[in-house]
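Hi,

Here is the structure I promised to send over.

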Amino acid sequence: MKGGLAWRPFLAAPFDILDRAAPPVAQKSRLEDGKKIFVKSFGCQMNVYDSQRMSDVAAGEGYSPTAEIEEADLVVLNTCHIREKASEKIFSELGKTRELKERRAQAGRKTQIVVAGCVAQAEGAEIIRRQPAVDLVVGPQNYHRLPQLLRQAEAQPVVDTDFPVHSKFDHLPAAAPAATRARGVTAFVTVQEGCDKFCSFCVVPYTRGAEFSRPVAQILAEIDSLAAAGVREITLIGQNVNAYHGLAEDGGACDLAALLERVAARPGVARVRYTTSHPTDMSPSLIDAHRDNPALSPYLHLPAQSGSNRVLAAMNRRHTAEDYLAVVAALRAARPDIALSSDFIVGFPGESEAEFEETLALTEKIGFASSFSFKYSPRPGTPGAEMADQIDEATKARRLARLQDALEEQRQAFNRGMVGRVLSVLIEKIGRYPGQLVGRSPYMQSVLAEGAPELIGELADIEILSVGPHSLRGRIIDATG
Ligand code: 5AD
Ligand code: SF4
């Protein structure tokens, strides 16, 4: 699988033109009802979650979501800064959005353009300098202030990339049940945000800030309202989710293993996952959770980044290849059917051919079910960008192609191993053909089977009969929910 996941990026805006005298709390809108919001999300799952929360905030202001950008009064681009390509993509998107704004203006319709997410946090006012059609640049910690910011932006462009003292989670509204139902039977819930690890290639600690864990009660309340609207699978997300240490109701601390147990016990919740994890934070309690928590999917995204100890040290990963293998061995001892996915970076500064081979060797030792792999992209302000021995593009491209071939072979081998197995599949929606249902296996594979639409939202035991390039096919042998 090619690179698709992504978090984060960086640097405070050179100046902040937000008028801080404005009232901090959203007031009821002057905006008319019947307006439409279009949100496009780039990058990681946290941006998907954040995009939904921004839609929920806008709903309180009378905006309903649309999938047609042409009819949107409010266009939000929720951006990713993790690699240069992701980040630059936003400026070509903005060019198209400006044309849309002009077209709509000619028809007498106003359009506000918002740039949110990690590019917003990293570039701030520079975005408005490069694309003056932008009305508002808002960093990830300030989405709860959207109504007020949009009103200010009616007068002049606004940039808000502040890291506020109070958590946005205390102010973001819950999704309306109808909005949750429209989003399906699976949901992401942010439980942790930010990162204190400072891997030398990564902008996240700068764009998403220091680690913050949401309190348990707040998370459970959100999950209860999702479950009440029909959500059956919850993925707890965080840039460094397994470092989660939230405040429990009794004032004590709660780690991720305990949180997963609490979440799995909520009425309606059938399956739980968590992502993304750091190998050094795979605590014994979390490894035990894979043995003891039956609702926890036997599938873990655990980025290794490299198989070379010298490169891992230069990346400031704080673990060796052996440490990584030991964590995987412990996980497999706890849960023999667990499968792994990973992220890899090729062409980190100074990476030799032999060191790259060590990465290939690590993947062969593990046999990943799925992986994301990337060419190293030097990001401004990170230590990696300043390192000598930057690797040329052609070498990076060659290494990436070799790695992706190996990872694709492993993915296919893993999928082939599904034939004859009975998997617990969460039925998500109806398929393209009459009578067909589409669901997800514990390993995030798409599974097709015949069945009644009433099974949507149920866990079904499905015997896998064949494997295609992008999905598995099977037959339902039991659907008990
Ligand atoms: N260049 C290439 N890939 C990167 N990632 C993070 N920063 C960079 C970078 N500068 C990758 C890592 C991370 C994933 C989300 O993106 O593999 O795990
Ligand atoms: Fe970035 Fe490393 Fe933190 Fe992951 S653990 S978000 S790669 S700094």
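Let's start with a helix pair: α10 (residues 284-292) packs against α12 (residues 321-334) at an angle of about 30°, and their axes are 8 Å apart. Axes here are lines fitted to C-alpha atoms, for helices over the stretch in contact, with angles from 0 to 180 degrees between N-to-C directions. Helices (H or I, at least four residues) and strands (E, at least two) are DSSP runs, numbered from the N terminus. I287, H290 and R291 of α10 meet A330, L331 and A334 of α12, where contact means heavy atoms within 4.5 Å.

Before you go further: this is a predicted model, so local features need pLDDT of at least 70 and side-chain atom pairs count only at pLDDT 80 or more, while totals for chains, interfaces and linings use all residues. Residues are numbered from 1 along each chain as its sequence is written, chains are lettered from A and ligands numbered from 1 in the order in which they are written, and side-chain values use heavy atoms, leaving out hydrogens and water.

Then there's an open sheet of three strands, ordered β14-β15-β16, with parallel pairing (two strands pair if DSSP finds at least two bridges between them). β14 (299-301) and β16 (370-375) are at the edges with a single partner strand each, so one side of each has no neighbour in the sheet. H301 has S341 in β15 as its bridge partner. Finally, helix α15 (residues 393-416) lies across β15 and β16, running at about 175° to β16.

Cheers
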